[in-house]
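Please keep the sequence and the structure in view while reading.

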Amino acid sequence: LDPKRQSIAINEGGIDKIENILKIDNLYSEENQIYSHLIDNAIKANEFYKKDQQYVVRDSEIIIVDEFTGRLMEGRRYSDGLHQAIEAKESVEIRRESITYATITLQNYFRLYKKLSGMTGTAVTEAEEFQKIYKLDVIEIPTNKPSKRADLADQIFMTENAKWNAVANKIEELNKDRVPVLVGTTTIEKSEFLSKILRSKNIKCNILNAKQHESEAEIISEAGSPESVTVSTNMAGRGTDIILGGNPEKFNNSDEWDIAHDQVIKTGGLYVIGTERHESRRIDNQLRGRSGRQGDPGTTQFYISTDDSLVKRFGGDRIKAAMSAFKWDENEAVENKMISRSIESAQTKVEAFHFEIRKTLVDYDDVMNTQRDVIYKLRSKALLEFDLSEDVLEFVTEIINESTNSLDINDELETINRIAFLRNFFPEDSIKKMIEEKDLSANILIEESKKIYKDRQNMLTEEMSKKLDSQIFLNAIDSRWVEHLTMMDNVRQSIGLEAVGQRDPLIQYKKMGFDMFTDLITNIKTQIASDAIRISTIQKNRIDQNKYKTIKQNFQYEQTKNNMQNASNSSNNDSNLSRRDRRKLERMNKKRIKKSI
């Protein structure tokens, strides 16, 4: 297992065990490829995706949690079968895999705007990315008022339990002094774990995470009240203005709020405790930024253990071993600038790693971006163009010319191939006639296609004909584009293997992408040309059938009218017929009508 890259590799023993369970000879043979894919997803779902960390279960549904904002991502699903693996793990209904109809990276989406600008308090750490991706400079603006916030040194503990105990003790100490406390945690699970510890100490606290997002505004409005304790995920770290003293609307008058506000100021303002360093320094800075706003006093401090995921990935075991060698008490904190710098260095490495991933993603999406522009221009034309008949006839001519020019008329096998191709355009009667006349040249086929298409235009109103062409275009573009996106995604996931052959994966992806896109355009044109002619043929047949129905209905009407008149005459001529006899006569007339039809 590689937690850093979230990748897995099954060893020989594991492969043998899986093959025995599945009763197969070779897990990686062509016919068993689906098994290897499902097993990879199952292991990833079990090892890397934890409940109340990466996702929550609500109403028997898996909902993804944004690790940066701590909010639920409604309607979003993991791709490539991973979401189904998590659903199986949690024993909820396994839903169908979602189909991608359109895709674009945020970077390329923002590039669609002619002008880009923004304002944030945490852009400095991401200045390099803004420059390389968007060609934007980051300018640091001085604060409105001098900052009075005190950022204390990190408290480093040997074990995670010791860290949680220290955090709880610190909160208890601050709570006795009526200092408002905001505690930042990295996951829903950890926020709930800490709240249980605090409740065991009879400390009242509010929890703010993705499960309680409906009451977010109310919880935040009270987070600055004297003696308040708020345990939150990253939800409280972004753009949240915590008012010292609490919500003014909850007080009877402004004087009462002023007293509460002054009390919080005297006790040092909001005290922010971070229970773990995030992978991104920007998230940590956002949490610190909740305290000491607009010249108010405030304090921030992070509590870290060598068991934290970030520290463990970048030398946590070495720090733990060094502390053990010095026989350090696990309940005693270490304040060491060198360790703090090494943790910040680890954050920088992770940020660089994620930046490279995003940059690579943009490089690959640039290939798709070019293709996307072509497809969307064609699609916009189908949506907005009033008359597509010239395009349809152009595609018909192009496709028939390409297909017939590549075939040898004298070759019997290729004649069969040509007949198979013709079935995409013409009805069987027309094909038989062409074969009998032995005239399968491109010019004849094109003229026949144009004739069928023109007949359909004459049969329908101009508006209906244009709408039909538009639907043909949209159906062909959308169906083929969805298939293309899936294939390109599969290529992108496996293209890294090209590096084994000393080839640049990105260049190979561009080459393969160009070839696949050329095939896509050809397939779209073929489907448009084929559908336009076939639908024209079907439309003609339907109109012929409608004519037959009209004749039949007219015939039926005349027969019914005559028979009803006969029945009426019979009834009038023989007034002695009983009611029962008259009904019998009516039934006989109805039978006669059916037989005549």
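In helix α10 (residues 281–288), the buried residues are Ile283, Asp284, Gln286, Leu287 and Arg288, where buried means under 20% relative accessible area, exposed over 50% and partly exposed in between (1.4 Å probe, protein chains only). This is a predicted model, in which local features need pLDDT of at least 70 and side-chain atom pairs count only at pLDDT 80 or more, while totals for chains, interfaces and linings use all residues. Residues are numbered from 1 along each chain as its sequence is written, and side-chain values use heavy atoms, with hydrogens and water left out.

**The chain overall**

- The chain has 20 helices and 10 strands; helices (H or I, at least four residues) and strands (E, at least two) are DSSP runs, numbered from the N terminus.
- Of the 597 residues of the chain, 39% count as buried.
- Among contacts in the chain with a separation of 6 or more, 70% come from residues 24 or more positions apart, a contact being heavy atoms within 4.5 Å.

**Covered helices**

- The cover over the buried residues of α10 includes the strands β4 (148–151), β6, β9 and β10 (297–305), together with the helix α13.
- Helix α3 (residues 82–89) is mostly covered, with 6 of its 8 residues buried, namely Leu82, His83, Gln84, Ala85, Ile86 and Glu87.
- What covers the buried residues of α3 includes α2 (33–47), β1 (55–58) and β2 (61–65).
- After α3 comes Ser91, whose phi is positive, near 55°.

- β6 pairs with strand β8 (residues 229–232) in the parallel sense over 4 bridges, pairing being assigned if DSSP finds at least two bridges between two strands; the bridge partner of Gly184 in β8 is Ser232.
- β6 also pairs in the parallel sense with strand β9 (residues 270–274), over 4 bridges, and here Leu182 stands opposite Val272 of β9.

**Helix α13 against helix α18**

- Helix α13 (residues 337–384) and helix α18 (residues 462–494) pack at an angle of about 170°, with their axes 10 Å apart; axes are lines fitted to C-alpha atoms, for helices over the stretch in contact, and angles run from 0 to 180 degrees between N-to-C directions.
- That angle makes α13 roughly antiparallel to α18, given that angles under 35 degrees count as roughly parallel, over 145 as roughly antiparallel, 65 to 115 as roughly perpendicular and the rest as oblique.
- On the α13 side the contact includes Leu361, Tyr364, Val367, Met368 and Arg372, and on the α18 side it includes Phe473, Ile477, Asp478, Trp481 and Arg492.
- The residues of this contact of α13 with α18 divide into 15 nonpolar, 3 polar and 4 charged, with Ala, Val, Leu, Ile, Met, Phe, Trp, Tyr, Cys and Pro counted as nonpolar, Asp, Glu, Lys and Arg as charged, and the others, Gly among them, as polar.

**Helix α6 against helix α7**

- The axes of helix α6 (residues 160–176) and helix α7 (residues 188–200) come within 10 Å and cross at roughly 55°, which makes α6 oblique to α7.
- The crossing of α6 and α7 is right-handed; a crossing is left-handed if the near helix is turned anticlockwise from the far one by less than a right angle, and right-handed if clockwise.
- Glu160, Trp164, Val167, Ala168 and Ile171 of α6 meet Lys190, Phe193, Leu194, Ile197 and Leu198 of α7, so that by class the contact of α6 with α7 has 8 nonpolar, no polar and 2 charged residues.

**Loop residues**

- Lys135, in the loop between α5 (127–134) and β4, has a positive phi of about 60° although it is not a glycine, and at 63% relative accessibility Lys135 counts as exposed.
- Gln502 lies in the loop between α18 and α19 and likewise has a positive phi of about 60° without being a glycine; at 74% relative accessibility, Gln502 counts as exposed.
- Glu498 is placed in the loop between α18 and α19 (505–573), but at 18% relative accessibility Glu498 counts as buried.
- Not counting residues up to four places away in sequence, Glu498 touches Arg503, Pro505 and Gln508.
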